[in-house]
Amino acid sequence: MLLITCPWCGPRNETEYHYGGQAHVPHPESPADLTDEQWAEYVFYRDNPKGPFAERWMHSVGCRRWFNVLRDTATHEVLTSYRLDEPRPGGNR
Amino acid sequence: MTAEPLPEHPDFLWRNPDPERSYDVVIVGAGGHGLATAYYLAKNHGITNVAVLEKGWLAGGNMARNTTIIRSNYLWDESAAIYEHALKLWERLPEELEYDFLFSQRGVLNLAHTLQDVREGVRRVNANRLNGVDAEWLEPDEVAKVCPILNVSSRTRYPVLGGTFQPRAGIAKHDHVAWALARRADELGVDLIQGCEVTGFLKDGDRVVGVDTNRGRIHAGRVGLAAAGHSSVLAERAGVRLPVQSHPLQALVSELHEPVHPTVVMSNHVHVYVSQAHKGELVMGAGVDSYNGYGQRGSFHVIEQQMAAAVELFPIFARAHVLRTWGGIVDVTPDASPIIGSTPVENLYVNCGWGTGGFKATPAAGWTFAHTIATGEPHPLNAPFALDRFTTGALIDEHGAAAVAH
């Protein structure tokens, strides 16, 4: 079980959270101008790295707030967590 | 019921050649799908100058640790067609491969615990019948006749309100399936090369012309990827982005017991699926862990929930001991259907996205993937499962019939 730190509530067990997939996927700025390929990319394509991955979690049985976690998908190590308005630590998205 | 004896192992199943410098076709991944693809390339298309490259050992990934369930009771026409083709191939493969891998058509029950489950189940039975797939709707008392150890009392938290039953479904001995395919592919001239990891792709413009491996450079006319959980990592090295997410999928087996469980039972709602292996282990699976991962292990609470569901459905399992658990990595697509076809890179083909249910499809995945690689065109059965459906929107949404939450 993962031990995840909510930026507001502190470290809690994974079972308190809901997973939200890749972080930092912005909604298209002008949706009407997108091609089918660009829509497919926005709706269906996500990164799937073996290594550090910035992802969203929600503290669903706690403060109910979304936040971001940087986690290594190969080792399961939770590297850091941060608020939605903060950039990914170490740059790169 | 009596436990069936396991088949004897033949002395030698395949050669262990060093890689040649060039092949007509290179398949990446020597799991069930890669081996079946090589077998059908040779058998159906006469293409025998083929190498199957495996970074670990043959059939040592998800093929070595899955819940071995075979069924074809999918909802949509496209899925019913390809999984039913697989089931028909399974029914003749032991004879064709001259290897008894204990394909046991003991049937599969998909339980309904809510009114919505009942409606979905009845709809699926009707859809299956229209597609020529055997299916029945069973009321709780009929469910109890098929599987007497199931608790169909109305006093459980989620009572069994009925279930779909596919009598031709069943299980097979997964390792023996792989070895049977490997032996025959080897006899037909295919090189099965273990300990050979693909580290990169050789390209000539937009065309793939070979692979780099830890055992040297191998040129190839065509390359097929069949790497399951690592498909997107591999495809990325060729410059191809796939709409898949990799998740840990856990399962477990108990110690050996007398034969008590005559069929396969699956439940979407309380989420567990159980069968009893030929030797006597109870084999149980659940859904995927929610997060992406390649660590080949998952979280304990997933196992805890699946066992709670199993004990509620099968009270006699309460004192069974877990022998081992494992986590495999499955690649999940947005519509819970596989991707089999060409990629934006010429001569590079992909078979991936089977999620939690690739084992049952092994022969049909091999059959259609071999056709696609051999001819450069999709087989009618895999044409709907092309990568471009995520752009056209022609999705095949099988989240319901996939039966495992992902």
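## Polar contacts between the chains

A polar contact is a pair of N or O atoms within 3.5 Å; within protein, one must be able to donate a hydrogen and the other to accept it. In this predicted model, 16 residue pairs are in polar contact between chain B and chain A, both residues being at pLDDT 80 or more.

Several elements of chain B take part in the side that touches chain A. Helices α6 (231–237), α7 (300–313) and α9 (389–392) each supply at least two residues to that side, and so does strand β12 (245–256). The residues of this side divide into 11 nonpolar, 11 polar and three charged.

## Salt bridges

Two salt bridges link chain B and chain A. One partner pair is Asp47(A) and Arg241(B). Their closest N and O atoms lie 2.7 Å apart.

## The buried area

The size of an interface is often given as the accessible area lost when the parts come together. Here, about 2100 Å² is buried between chain B and chain A. Carbon and sulfur atoms give 50% of that area. Arg241(B), Tyr291(B) and Tyr294(B) supply 29% of the area that chain B buries against chain A, more than any other three residues.

Contact involves 25 residues of chain B and 23 residues of chain A.

## A sheet in chain A

Chain A holds an open sheet of four strands, in the order β3-β4-β5-β6, with antiparallel pairing. Its edge strands are β3 (18–22) and β6 (78–82), each pairing on one side only. From one strand to the next, the twist averages 30°.

Strand β5 (residues 66–72) and β6 of chain A pair over four bridges. Asn68(A) has Tyr82(A) in β6(A) as its bridge partner.

Terms used:
Residues are numbered from 1 along each chain as its sequence is written. Chains are lettered from A and ligands numbered from 1 in the order in which they are written. This is a predicted model: local features need pLDDT of at least 70, side-chain atom pairs count only at pLDDT 80 or more; totals for chains, interfaces and linings use all residues. Side-chain values use heavy atoms; hydrogens and water are left out. Two strands pair if DSSP finds at least two bridges between them. Axes are lines fitted to C-alpha atoms, for helices over the stretch in contact, and angles run from 0 to 180 degrees between N-to-C directions. Contact means heavy atoms within 4.5 Å. Buried area is the accessible area (1.4 Å probe) that two parts lose on being put together, summed over both. A salt bridge is a side-chain nitrogen of Lys or Arg within 4 Å of a carboxyl oxygen of Asp or Glu. A polar contact is a pair of N or O atoms within 3.5 Å; within protein, one must be able to donate a hydrogen and the other to accept it, and residues adjacent in sequence count only if both atoms are side-chain atoms. Ala, Val, Leu, Ile, Met, Phe, Trp, Tyr, Cys and Pro count as nonpolar, Asp, Glu, Lys and Arg as charged, and the others, Gly among them, as polar.
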